[in-house]
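Welcome, and thanks for taking a look at this model with us. Please open the structure beside the text and follow along from one residue to the next.

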Amino acid sequence: MPGYTCAFRGCHSKTGGGLALFAFPKDQTGAKLWLQACCRTDLMSKTAEQLYSNYKLCELHFEDKCYSVGASRKCLLPNAHPTLFPSAIKRPCVEQDLEEAPPKKTLNRITIF
Ligand SMILES: [Zn+2]
């Protein structure tokens, strides 16, 4: 069984570490919502199938009501959405957004083309 690390940057949960890791939704819309929630917009070009088989989020990012606890493992409920991301870790993502936002120098734009 391959090991997985939580897809959220700055979170180091991995399989075997005692926390449950949940696969991304199989549907494209749900998977994209997860990516936005965990600031992994760099993975937006991947298909839902790729995300489902290669990326996971750990239980730390889901409220208790998002999963049911079975006898041996936790199961994510349908349409569960990750909402718990520590703002301290999330900051790099915000900075990245700000960098992209205002095109200040037209010179830079010209060199791109
Ligand atoms: Zn995590």
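Leaving out neighbours within four places in sequence, F24 is in contact with A31, W34, L51, Y52 and Y55; two residues are in contact here if their C-beta atoms, placed from the backbone, lie within 7 Å. You will find F24 in the loop between β1 and α1. F24 counts as buried because 27 C-beta neighbours sit inside 10 Å. The cut-offs for that term are these: a residue is buried if 20 or more other C-beta atoms lie within 10 Å of its own, exposed if 12 or fewer, and partly exposed in between, with the C-beta atoms placed from the backbone.

A word on the model itself: it is predicted, so local features need pLDDT of at least 70 and side-chain atom pairs count only at pLDDT 80 or more, while totals for chains, interfaces and linings use all residues. Residues are numbered from 1 along each chain as its sequence is written.

## The chain as a whole

The chain has four helices and four strands, and from the N terminus its elements run β-α-α-β-β-β-α-α. Helices (H or I, at least four residues) and strands (E, at least two) are DSSP runs, numbered from the N terminus. Of the 113 residues in the chain, 19% are buried. Taking contacts between residues at least 6 apart in sequence, 49% join residues at least 24 apart.

How confident is the predictor? The average pLDDT of the chain is 83, and 74% of the residues score at least 70; pLDDT is the predictor's confidence in each residue, from 0 to 100. Confidence is highest in α2, at a mean of 97, and lowest in α3, at 50. Over residues 94–99 the pLDDT is below 50, and this stretch has zero contacts in the model beyond near neighbours in sequence.

Which residues of α1 are buried? In this helix, which spans residues 28–37, they are A31, W34 and L35. They line one face of the helix, because their directions fall within an arc of 100° seen down the axis of α1; the arc is that of the directions from the helix axis to the C-beta atoms. The face turned away from the buried side carries the exposed residues T29 and Q36. Among what covers the buried residues of α1 are α2 (48–54) and β2 (56–58).

The largest nonpolar core has 15 residues, and those with the most contacts inside it are C6, A7, W34, C38 and L57. Such a core is a set of buried Ala, Val, Leu, Ile, Met, Phe, Trp, Tyr and Cys residues joined through C-beta atoms within 7 Å. The elements giving two or more residues to this core are β1 (21–23), α1 and β2, with α1 giving the most, three residues.

Setting aside residues up to four places away in sequence, C6 touches C11, S13, K14, L21, K56, L57 and C58. A7 lies in the segment before β1 and is buried, with 23 other C-beta atoms within 10 Å. On the same terms of sequence separation, A7 touches C38, R40, Y55, K56 and L57.

| Pair | Separation in sequence | C-alpha to C-alpha distance |
|---|---|---|
| A7 and K56 | 49 residues | 5.7 Å |
| F24 and K56 | 32 residues | 5.8 Å |
| P86 and L60 | 26 residues | 9.8 Å |

P86 is found in the loop between β4 (74–76) and α3 (87–100). With 12 C-beta neighbours inside 10 Å, P86 counts as exposed.

Most residues other than glycine have a negative phi. C39, although not a glycine, has a positive phi of about 65°. C39 follows α1, in the loop between α1 and α2. Is C39 buried or exposed? It counts as buried, because 20 C-beta neighbours lie inside 10 Å.

N79 is not a glycine either, and has a positive phi of about 65°. N79 sits in the loop between β4 and α3. With 10 C-beta neighbours inside 10 Å, N79 counts as exposed.
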